[in-house]
Amino acid sequence: MKIAVVGGGISGLVAGFDLAKAGHEITVFEKDHVLGGLCACFRLEGTYLEKYYHHFFTSDQAIIDLFEQLGLSPLVEWRTSLTGVYYDGHAYPFGGPVDLLRFKPLPMADRLRLGFAIMRLRKIDDWRPLEEITAKDFIVREMGEKVYRVLWEPLLRSKFGDKAESVAAVWFWGKIKLRGSTRTKSGSKELLGYLRGGLGLAIDELAKQITERGGRVLTSSPVERIAVDGDKIQVTSLQGVDHFDRLVFTGAPSLFASLCDDLSDDYRQRLQSVHYQGTTCLVLKTKQSLSNIYWLNINDLNMPFVGIIEHTNYRSPQEYGGYRVIYVTRYLDPNNRLYSLDADELFEEYKPHIKRIFPHFDPAAVQERFIFKDAFTQPVIRLQYSRQIPDFTTPLPGVCLASMAQIYPEDRGSNYGVVMGHKASEWIKKSL
Ligand SMILES: Cc1cc2nc3c(=O)[nH]c(=O)nc-3n(C[C@H](O)[C@H](O)[C@H](O)COP(=O)(O)OP(=O)(O)OC[C@H]3O[C@@H](n4cnc5c(N)ncnc54)[C@H](O)[C@@H]3O)c2cc1C
């Protein structure tokens, strides 16, 4: 069977890989000039580096299995790292129970209340009641107003901007549960995984496996229209018009809606009602370390960015020619002014703020800066989201929708991208 996969991110490539192995003739269409979607990499000092900081958790079984299948397991490395919170002019370590007990911005009673609430939250398996309450109301109820203001409001705002107060408690539960599942045996530290050499190695290997089985993996090939033509699916792309027996679409639901003419108003509206936040991420190659913290959440609503991730506090600078690699990141609506800025403009904007956090920061030590942005990086999980999620089955016969927005109740992530790819390939196989 001739099968089109729209999107060369991790989920599209996994779906294509599964279906190529099952003997189908695969064409992957990727609109960008490189493969990988949000997992894509670029070369820094000869090594793949993720455009957006990436690590995985010990519970991310699907991606761990994928690395095994691709022969990449020897490159998977697990390490502890230091997490921190910048609040009211200070960077506090915030990686485990001991750090929590020492976290001065909250009174001791609040620290204890927070610790117990997190323990209770991690034990919850039935997430359904958490669909009915916002994260804000849930946190205030379980942890208190001050804990919300100091710790979680900045986190929610950093991810969802002005939509933060509409986010459901399920999203918060998913985050807390996942992070709690990736700790050292003693439970005191977080254990994070990374593919030595970058996720680009897995992306390349998936593409290679598809092409070795006779498939095509096309970059710079945006699909412009999807339509039903008799018992075939007609795909219009920069390559021209082609016909397929089945199609998997892995981009955002609203993008799918924009490509198909033959959808009912109801269904189109359903797809368009799933909102996403975008991301703009500045990557600095510098001679200077800012601190020993890998991941610093910026809990200051006046700062223009929400996280400083010093990748080389987790990986060795030797992997990048001795340079330090620092991501300065921000989730935002693509209409936000910052989204339109290039690397130099954003660097100028961010410089005084980085200096406020790290007074020794020397902009002259920065040797190169890169910017990466995407409008569809984080679905906004609202109340009763399970009733809003579009189905895999679309009104177009033989067409499957398998997007990040359909990952639920867990938060999206590369592991669930792999799960999504497997689910899409199963859907196609069943439909044949
Ligand atoms: C800042 C940031 C940090 C992250 N950190 C982590 C992390 O630490 N750990 C982790 O596990 N996950 C992380 N993630 C999440 C992870 O990257 C995503 O969950 C995963 O990559 C999603 O894969 P996907 O294939 O479902 O979607 P995408 O990667 O979005 O792929 C969809 C693809 O479809 C293509 N496309 C869309 N429309 C068309 C069209 N018309 N024609 C052709 N192609 C089209 C897009 O270009 C894109 O390549 C992070 C994401 C971001 C943004």
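## Domains and elements around the ligand

The shell around the ligand takes at least three residues from domain 1 (2-54 + 199-275 + 384-431) and at least three from domain 3 (276-379), the bounds of these domains coming from an automatic or database domain assignment. Two helices, α1 (10-21) and α9 (253-259), each supply at least two residues of this shell; helices (H or I, at least four residues) and strands (E, at least two) are DSSP runs, numbered from the N terminus. The model is a predicted one, in which local features need pLDDT of at least 70 and side-chain atom pairs count only at pLDDT 80 or more, while totals for chains, interfaces and linings use all residues. Residues are numbered from 1 along each chain as its sequence is written, and side-chain values use heavy atoms, with hydrogens and water left out.

## Composition and contacts of the ligand shell

There are 28 residues around the ligand, of which Ser11, Glu30, His54, His55 and Ser414 come nearest; a residue is near a molecule or strand if one of its heavy atoms lies within 4 Å of it. By residue class, the shell divides into 13 nonpolar, twelve polar and three charged residues, where Ala, Val, Leu, Ile, Met, Phe, Trp, Tyr, Cys and Pro count as nonpolar, Asp, Glu, Lys and Arg as charged, and the others, Gly among them, as polar.

Polar contacts are pairs of N or O atoms within 3.5 Å; within protein, one atom must be able to donate a hydrogen and the other to accept it, and residues adjacent in sequence count only if both atoms are side-chain atoms. A backbone N or O atom of Lys31 lies 3.1 Å from a nitrogen atom of the ligand, and a backbone N or O atom of Leu38 lies 2.8 Å from a ligand oxygen atom. From Ser414, a polar side-chain atom lies 2.6 Å from an oxygen atom of the ligand. The ligand taken alone exposes 1,000 Å², and the protein buries 92% of that; such accessible areas come from the Shrake-Rupley method with a 1.4 Å probe, and for residues only the protein chains shown count as cover.

## Aromatic pairs

Across the whole structure, a search finds 20 aromatic pairs, defined by rings of Phe, Tyr and Trp (its six-membered ring) whose centres lie within 6.5 Å, with planes under 30 degrees apart counted as stacked, over 60 as edge-to-face and the rest as tilted. Phe42 and Phe370 form a tilted pair, with 4.8 Å from centre to centre and 50° between the planes. This pair links distant parts of the chain, since Phe42 belongs to strand β3 (residues 41-44) and Phe370 to strand β18 (residues 366-379), 328 residues apart. Both Phe42 and Phe370 are buried, a term that means under 20% relative accessible area, as against exposed at over 50% and partly exposed in between (1.4 Å probe, protein chains only).

Tyr194 and Tyr314 form an edge-to-face pair, 6.2 Å centre to centre and with 85° between the planes. Tyr194 lies in strand β8 (residues 191-195) and Tyr314 in the loop between β16 (307-310) and β17 (324-332), so the pair ties together parts that are 120 residues apart in sequence. Both of these tyrosines, Tyr194 and Tyr314, are buried, and they belong to one aromatic cluster together with Tyr53, Tyr294, Trp295 and Tyr327.

## Backbone geometry in loops

Most residues other than glycine have a negative phi, and most peptide bonds are trans. The peptide bond from Tyr408 to Pro409, however, is cis, with omega near 10°, and Pro409 lies in the loop between β19 (399-401) and α12 (414-431).

Glu45, although not a glycine, has a positive phi of about 50°; it lies in the loop between β3 and β4 (47-50) and counts as partly exposed at 41% relative accessibility. Asp88 also has a positive phi, near 50°, in a residue other than glycine. Asp88 is found in the loop between β6 (83-87) and β7 (90-93), where, at 62% relative accessibility, Asp88 counts as exposed.

## Residues apart in sequence

Asp204, in helix α8 (residues 200-212), is partly exposed at 36% relative accessibility, and its C-alpha lies 8.0 Å from that of Leu35, although Asp204 and Leu35 are 169 residues apart in sequence. Ala22, in the loop between α1 and β2 (25-29), is likewise partly exposed, with a relative accessible area of 40%; Ala22 and Lys429 are 8.8 Å apart, C-alpha to C-alpha, and 407 residues apart in sequence.
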